[in-house]
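Work through the exercises below with the sequence and the model at hand. Each task is followed by a stepwise solution.

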Amino acid sequence: MDLLIHQLTVYVPDENNAILGRNTNKQVFEGLTTGLLKVSAVVFGCLIANRPDGTSRPATPKISTQEMKNKPAQGDAFNSRVQDLISYVVNIGLINKLCGCFLSVQGPVDENPKMATFLQHATGLLHAVCTLCFAVTRRSYSIFDNNRQDPTGLTAALQATDLAGVLHMLYCVLFHGTVSDPGTASPKESYAQNTVQVAIQSLRFFNSFAALDLPAFQSIVGAEGLSLAFRHIASSLLGHCSQVSCESLLHEVIICVGYFTVNHPDNQVIVQSGRHPTVLQKLCQLPFQYFSDPRLIKVLFPSLIAACYNNRQNKIILEQEMSCVLLATFIQDFAQAPGQADNQSYQPKGKCLGSQDSLELANRFPQQAWEEARQFFLKKEKK
């Protein structure tokens with residue numbers, strides 16, 4: 001971390017937020033910094049995977065009951081150590097320095113593989129830090145709980161920098177314009193592999209931050225300038241996925257739109273406004289498998305529920321493309337699944353959201369609203 005911050009300090013001058021990124025030295029995108037970002041992200045990933053009270057079970061010999069009693073203490077020590085590490089990363093200014101790098105990107109990275117790799121690993125690092133922070137601070141495990149405490153200062157730092165400038169960077173990379181002047185942006189139908197990788201990592205970071213602090217994520221991305229940028233990005237990436245098969249990208253976009261809109265009427269309006277087909281229409285027009293294959297239904301339906309619940313306008317748009325009864329049935333199936341009713345009680349404390357967990361309906365739409373949502377989608381709307 002010290003070596004990484006040293007590298008970034010050499011190339012990213014301390015500047016006030018108004019001009020942050022303008023004077024970033026392009027040499028920062030050369031090999032060493034990128035390598036350090038990659039190594040750090042991998043290390044954070046290993047910490048997540050091998051937490052003492054984590055879900056991974058390395059092949060350990062049978063443990064005596066006496067040793068089991070000492071186990072929670074080991075987990076707590078690990079958690080507080082990791083919290084200290086994350087606080088250190090935040091306090092040495094890593095988020096601000098990375099923000100300076102992201103804001104310095106003003107155009108495409110197709111022709112610049114070094115910059116693309118840097119951006120992939122920098123967003124990968126932010127994703128890993130958020131996931132790790134969630135694992136050690138979010139004891140209650142439900143994304144929709146309000147007792148959010150983040151003693152590390154990570155959420156505050158990401159809020160203060162508008163998600164470290166990643167949304168701004170992604171917009172510039174995709175549209176070759178800047179957020180402040182959306183008129184100059186020219187959406188492309190499909191993107192090069194470099195760009196797609198940057199988009200995937202950026203969206204993974206957004207989704208891990210949304211899990212960590214959903215209200216903060218919704219207010220940052222739902223703010224005036226950024227919400228339009230987000231809508232452009234989501235729409236354009238959905239367009240890319242309709243031309244070129246890229247499941248990992250498509251799924252991150254779908255999940256992100258769900259987090260953006262869940263329980264948020266203003267953001268629900270954003271996904272159904274703008275040029276047709278809108279983001280909501282594009283989600284409804286996904287290939288047939290997303291409405292028939294259980295694995296893919298599980299990815300798409302929670303986001304459709306989030307985007308349309310308690311919003312008549314969005315529900316009418318949805319009904320033009322599909323039957324809302326499908327969503328009601330989906331909710332009912334989840335509600336009746338064994339273990340769902342007492343879902344909260346058996347989740348171990350501070351469990352980390354794995355990729356499968358994050359698709360569960362309970363982590364994408366609040367459980368206490370399931371029955372109301374089921375009724376809402378069964379009710380016929382008068383056009």
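**Exercise 1.** Does glycine 258 count as buried or exposed, and why?

Solution. The model is predicted: local features need pLDDT of at least 70, side-chain atom pairs count only at pLDDT 80 or more, and totals for chains, interfaces and linings use all residues. Residues are numbered from 1 along each chain as its sequence is written, and side-chain values use heavy atoms, with hydrogens and water left out.

- Step 1. Buried means under 20% relative accessible area, exposed over 50%, and partly exposed in between (1.4 Å probe, protein chains only).
- Step 2. The relative accessibility of glycine 258 is 4%, so glycine 258 is buried.

**Exercise 2.** Which residues are in contact with glycine 258, leaving aside its neighbours within four places in sequence?

Solution. 
- Step 1. Contact means heavy atoms within 4.5 Å.
- Step 2. By this criterion, the partners of glycine 258 are Ser303 and Ala306.

**Exercise 3.** At what angle do helix H5 and helix H8 pack?

Solution. 
- Step 1. Helices are DSSP runs (H or I, at least four residues), numbered from the N terminus.
- Step 2. Axes are lines fitted to C-alpha atoms over the stretch in contact, and angles run from 0 to 180 degrees between N-to-C directions.
- Step 3. For H5 (residues 113–137) and H8 (residues 193–212), the angle is about 20° and the axes are 8 Å apart.
- Step 4. Angles under 35 degrees count as roughly parallel, so H5 and H8 are roughly parallel to each other.

Technical notes. Helices (H or I, at least four residues) and strands (E, at least two) are DSSP runs, numbered from the N terminus. Angles under 35 degrees count as roughly parallel, over 145 as roughly antiparallel, 65 to 115 as roughly perpendicular and the rest as oblique.
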